[in-house]
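Please look through the sequence and the model shown here before reading on. The report after them is written for a reader new to protein structure.

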Amino acid sequence: MVTLASYLIVSAALLGIGVYGLSVKRNAIRILFAVEVIVNAANLNFAAFTRYMNPPQVSGQIIVFYSIAAAAMEAAVGLALILVAFRLNSTIDVRKLNKLKG
Amino acid sequence: MVSLVIPSDISFVVLTAVTIIGAIIALQAKELIYGAIALAISFIGIAGFFALLDAPYLAMLQIAIYVGAVVVLILFTIMLVRRERGEEMDKRTDAAEGSMGLWLAGLLALAISGVVALAGTSLPTQAPAASLPVSDLGPALTLQYPVPLIILALLLSAALLGALVLAKVER
């Protein structure tokens, strides 16, 4: 029996995987993967809640639309930043990109 | 309306496995390229969830934008920043750091699952029979929420211009 709680548990698992990647990984591209996984977990929550709403509401799907567009922008800008960091430092290991550290 | 032959319980289990295993492989694969492909598979799983939740428009957007655009962009970037052969790009994490991250992520997921379990009875278990038709989304987007749409368009062009300026090579 699939209920709203099933979707919420899947979303929580995805969030956990994303947080693990965010806190452990060193490669900047890998960290971007983790961010995308977390954004997808949030989108899944919105879609699940709006489906189980009675009477049906359109706003949940609209906010997922905005969220997908915003995540696409974030990926474009993030990858451009990674390219610049690679060009300047010839590494994308975030533990080595510590020039701003006092 | 064609009814699906596969019951939704089986498709839910399959989609859960695809999404979660895809996400884990995306973060753990040795080669970044394989990780990106696993990420695309995980995104397709999420699109399947959207289809299961009677949101076909979101499923289409997910495949077109995430699988079609974001993952391809990531693949190109991986190829641009790839080192010479033999040099490892993703150093293995040390054990203490790894277990710390695992604890953090596990506790967070457990806490949220606990909240969901506590909320248990107050959460709706049955989705309303009538789902929203896709044709309701267009009017809502343009008539009900026009200002966010315009802001989104401006933001999109600003972000793309910014990305272009950042990635430009100074000669």
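## Basis and confidence

This is a predicted model, in which local features need pLDDT of at least 70, side-chain atom pairs count only at pLDDT 80 or more, and totals for chains, interfaces and linings use all residues. Residues are numbered from 1 along each chain as its sequence is written, chains are lettered from A and ligands numbered from 1 in the order in which they are written, and side-chain values use heavy atoms, with hydrogens and water left out.

The score pLDDT is the predictor's confidence in each residue, from 0 to 100. Chain B has a mean pLDDT of 85, and 89% of its residues reach 70 or more. In chain B, helix α2 (residues 32–52) has the highest confidence, with a mean of 94, and helix α4 (residues 95–119) the lowest, with a mean of 86. Where pLDDT is low, the predicted coordinates should not be read in detail. For the complex, the predictor gives an ipTM of 0.91 and a pTM of 0.88.

## Layout of chain B

Chain B contains six helices and zero strands. Here helices (H or I, at least four residues) and strands (E, at least two) are DSSP runs, numbered from the N terminus. Along the sequence the pattern is α-α-α-α-α-α.

Chain B is divided into domain 1 (1–84) and domain 2 (135–171); domain bounds come from an automatic or database domain assignment. The centres of these two domains of chain B, taken over C-alpha atoms, are separated by 23 Å. Of the 171 residues of chain B, 33% count as buried. Buried means under 20% relative accessible area, exposed means over 50%, and partly exposed lies in between (1.4 Å probe, protein chains only). Contact means heavy atoms within 4.5 Å. Among contacts in chain B between residues at least 6 apart in sequence, 55% join residues at least 24 apart.

## Where the chains meet

The contact between the chains takes 83 residues from chain B and 70 residues from chain A. The size of an interface is often given as the accessible area lost when the parts come together. Chain B and chain A bury about 7100 Å² between them, and 75% of this is on carbon and sulfur atoms. Buried area is the accessible area (1.4 Å probe) that two parts lose on being put together, summed over both.

How many salt bridges does a search of the whole structure find? The search finds one over all chains. A salt bridge is a side-chain nitrogen of Lys or Arg within 4 Å of a carboxyl oxygen of Asp or Glu. The partners are Arg51(A) and Asp54(B), with an N to O distance of 2.8 Å. Arg51(A) lies in helix α2 (residues 28–51) of chain A and Asp54(B) in the loop between α2 and α3 (56–81) of chain B, so the pair joins two chains. Arg51(A) is buried, at 12% relative accessible area, whereas Asp54(B) is partly exposed, at 30%.

## The nonpolar core

A nonpolar core is a set of buried Ala, Val, Leu, Ile, Met, Phe, Trp, Tyr and Cys residues joined through side-chain atoms within 4.5 Å. The largest one has 72 residues, of which Tyr7(A), Ile29(A), Phe33(A), Ile74(B) and Ile78(B) touch the most other members. The elements giving two or more residues to this core are α1 (4–24), α2 and α3 (59–89) of chain A, and α1 (8–28), α2, α3, α5 (137–144) and α6 (146–167) of chain B. The largest share, 14 residues, comes from α3(A). At least three residues come from each of domain 1 (1–84) and domain 2 (135–171) of chain B.

Not counting residues up to four places away in sequence, Ile78(B) touches Ile29(A), Phe33(A), Leu32(B), Ile33(B) and Ala36(B). Leu32(B) is found in helix α2 of chain B and is buried, at 6% relative accessible area. Between Leu32(B) and Leu75(B) there are 43 residues of sequence separation and 8.7 Å in space, C-alpha to C-alpha.

## Two further residues

Thr3(A) is in the segment before α1 of chain A. Thr3(A) counts as buried at 15% relative accessibility. Leaving out residues up to four places away in sequence, Thr3(A) touches Tyr52(A) and Thr125(B).

Leu108(B) lies in helix α4 of chain B and is partly exposed, at 32% relative accessible area. With residues up to four places away in sequence not counted, Leu108(B) touches Leu15(A) and Val19(A). Leu108(B) and Ala55(B) are 53 residues apart in sequence and 28 Å apart in space, C-alpha to C-alpha.
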